[in-house]
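Please examine the structure below with attention to its aromatic rings. The paragraphs that follow lead through them step by step.

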Amino acid sequence: MPAETMASNEVLLSADALYVSFFTQSGEVRAVNGVSLTIRRGEVLGIVGESGSGKTVTVNSFLRLLPKTGRVTSGSVRFEGRDIQAMNKRALNDLRGKEVSMIFQDPMTSLNPVFTIGSQIVETLKHHTGITSSAAKARAVDLLGMVGIPNPEKRFYQYPHEFSGGMRQRAMIAMALCCDPKLLIADEPTTALDVTIQAQILELMAGLREKINTAIILITHDLGIVSSICDRILVMYAGTVVEEGLVDDIFDYTAHPYTAGLLKCLPSLMDDERKPLVPIVGTPVDLLNLPAGCAFGARCPECRKICLRKKPPRVPVGPGHFAECWLRVPGGSEARV
């Protein structure tokens, strides 16, 4: 589903030069470093990267869901032009769940084990819409059926422990969609699910996007997953967006060595393309002591002297395709200063 046929040109959410730090006894952990992004109505944006690359912290900061030690130190986040950082508590609560919903990585930690699935959806509906209990129940049953849960009338009265992992994830999606949000943020929604259920969840999200034109931010470490559903991809490393572009551009015209490394970790099922998986050497950078140059420099097979000394600029490498890499700067690969 190409972006031009599904997504509107109207910007729904934008982040500008966002910096987020955690202040610990060991020092300041700079988890997000100057992230800027936009997502338009009906668009699916994938954010990929290794664990610790800043994906979840970035989107949590959008809704001010950071722990007490975390703080947005600079930058802004706007939803339909409204500054989220400046919202009062009431406006923020109206935004969360109603206009922007989130599917967390582990549904068992997000669903309350002592309340039935149906009652939790009803509570969300009544809080945000004010409809009657009977209308909320009817809507909840419809939602459970819409996300592919069999016997929704019976399942409405069951508890989270009575659902399988895939069914709990579907229930979380139903809860997230109960108020027809304009933006759905899905944080690793297929983690710990078998491949068949993964495919079903992704197909479900794609179908719901088509039905109600909800924009989706999909967070994952797996480029293979985003290729099947996303319009655009942001590749993050050490809290920085190192590459951004349309799905086809990221896969066919890879511009950053880190993205290339992620792609080499993907297995191929093609007989003529069976190659050994190539891991990315080294370990992720220490966010307490970020280097002066490119954060990926010490692990990069194409590293130059300038990469270790100066942070690379964001440069265009094609229409709507950007990378932060000295190799893409004219003359940058030969520079020695």
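**Aromatic rings and their partners**

Arg-314 lies over the face of Phe-322, 4.1 Å from the ring centre. A charge sits over a ring if NZ of Lys or CZ of Arg is within 6 Å of the ring centre and within 35 degrees of the ring normal. Arg-155 likewise lies over the face of Phe-163, at 5.0 Å from the ring centre.

This is a predicted model, in which local features need pLDDT of at least 70 and side-chain atom pairs count only at pLDDT 80 or more, while totals for chains, interfaces and linings use all residues. Residues are numbered from 1 along each chain as its sequence is written, and side-chain values use heavy atoms, with hydrogens and water left out.

The structure holds 4 aromatic pairs (rings of Phe, Tyr and Trp, the last by its six-membered ring, with centres within 6.5 Å; planes under 30 degrees apart are stacked, over 60 edge-to-face, and the rest tilted). One of them joins Phe-156 and Tyr-157 edge-to-face, with 5.0 Å centre to centre and 80° between the planes. Phe-156 counts as buried because its relative accessibility is 7%, whereas Tyr-157, at 49%, counts as partly exposed (buried means under 20% relative accessible area, exposed over 50%, partly exposed in between, with a 1.4 Å probe and protein chains only).

Another edge-to-face pair consists of Tyr-237 and Phe-296, with 5.2 Å between centres and 80° between planes. Tyr-237 belongs to strand β9 and Phe-296 to the loop between α12 and α13, so the pair ties together parts 59 residues apart in sequence (helices, H or I, of at least four residues and strands, E, of at least two are DSSP runs, numbered from the N terminus). Tyr-237 is buried at 4% relative accessible area, and Phe-296 is buried at 2%. Together with Tyr-258, Tyr-237 and Phe-296 form one aromatic cluster.
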